[in-house]
Amino acid sequence: MYRIIIGLLSCYLVTSHAQDIEVIAFEYPPYLTQHSTDQGEAVALLQHAFAYSAFSPKIRFINNRDAQQYINNRKWCLSFIPPQSPTKQHLQVILADNTLPLTLFRLAEPQVFIGNELKDKVIAHLPISLGDNKVRAFVDSGAQLAPVDTIEQGISLLLNQEVDYVYGDQQAIDFASQKLNFPAMLLQDSATVFYHFPISVWLNTQCQNAQQLRDHFTQQRYSIYHF
């Protein structure tokens, strides 16, 4: 019993004196959202990663359209927003084994939707996905990109026939459709999966606490990718 009390007290002392670490995030419910108390599934995973550690993540949401400028100009430490062109100073820490399959979504039609019908199509997407080679390939195939702040906004444009497709994952599409009171079953996803997006956080090795953060993730046996 004495050891248990000492252990709990030690955990309390660590967490009560934890250093705040700013983490940059963007609105992408249900994974990241400033409109819920837990701030989304990805934030919950990060909080778990730092449980009983010397750090306490503090999430800062910024506008999707300003994301890359912020990443390029600020001396950030952790970010859910991927750098558009990762370099050797960026480390990607994988927070979960599963990935998010990104596909195209359109208003449902009787025909099978492969996803290769791109010429002259307008695709709504989040600006952060510009780093995705597949998104750049959309343009090479004759499509036009329409940046949106949220998946919900993309679906609204789709319903108004202002875009042809929305680029995202099924869970985010379902969440946005529910908010719009639109049946998600009336949206059709492409048979082609264009990218498997990992749930991860990015570490800038030039920040003040970079080595401590890296050591912590390594000790907790998280996979870390170098560029």
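This report describes a disulfide, a helix, a strand residue and a cavity in a predicted model.

## The disulfide

The structure contains 1 disulfide, which joins Cys77 to Cys207 with an S to S distance of 1.9 Å. The link between Cys77 and Cys207 is right-handed, with 85 degrees about the S-S bond. Cys77 is located in the loop between helix H3 (67-73) and strand E3 (78-79), and Cys207 in the loop between strand E9 (195-204) and helix H7 (210-219), so the pair ties together parts that are 130 residues apart in sequence.

Both Cys77 and Cys207 are buried. In general terms, a disulfide is a covalent bond between the sulfur atoms of two cysteines.

## Helix H6

Helix H6 spans residues 170-179, and its buried residues are Ala172, Ile173, Ala176 and Ser177. These residues cover an arc of only 130 degrees around the axis and therefore lie on the same side of H6. An α-helix has 3.6 residues a turn, so residues three or four places apart point the same way. The elements that cover the buried residues of H6 include E4, helix H5 (151-159), strand E7 (165-168) and strand E8 (187-189).

Both ends of the helix have a local feature to note. At the start of H6, a side-chain oxygen of Asp169 comes to within 3.1 Å of the backbone nitrogen of Gln171. Just after H6, Asn181 adopts a positive phi of about 55 degrees.

## Gln92 in strand E4

Gln92 belongs to strand E4, which runs over residues 90-107. Its relative accessibility is 10%, and because buried means under 20%, Gln92 counts as buried. The side chain of Gln92 makes a polar contact of 3.0 Å with the side chain of Ser200.

Apart from neighbours within four places in sequence, Gln92 is in contact with Pro198, Ser200, Val201 and Trp202, and also with Ser223, Ile224, Tyr225 and Phe227.

## The cavity

The count of cavities of 30 Å³ or more comes to 1. About 100 Å³ of space lies in the largest cavity.

The lining of the largest cavity consists of Phe26, Tyr28, Tyr31, Leu32, Ala42, Phe80, Leu100, Phe197, Pro198, Ile199 and Ser200. Strand E9 gives the most to this lining, with 4 residues. Pro198 and Ser200 are among the lining residues, and Pro198 and Ser200 are also among the contacts of Gln92.

Terms used: Residues numbered from 1 in each chain as written. Predicted model: local features only at pLDDT ≥ 70, side-chain atom pairs only at ≥ 80, totals over all residues. Heavy atoms only, no water. Helix = DSSP H or I, 4+ residues; strand = E, 2+ residues; numbered from the N terminus. Buried < 20%, exposed > 50% of the residue type's maximum accessible area, 1.4 Å probe, protein only. Polar contact = N/O pair within 3.5 Å; in protein donor to acceptor, adjacent residues only side chain to side chain. Contact = heavy atoms within 4.5 Å. Disulfide = S-S within 2.5 Å. Arc of directions from axis to C-beta. 1 Å grid on protein atoms, 1.4 Å probe; cavity = no way out; pocket = protein on both sides within 12 Å on 5 of 7 lines; lining within 4 Å. Points joined across faces, edges and corners; volume = space filled by probe spheres on them.
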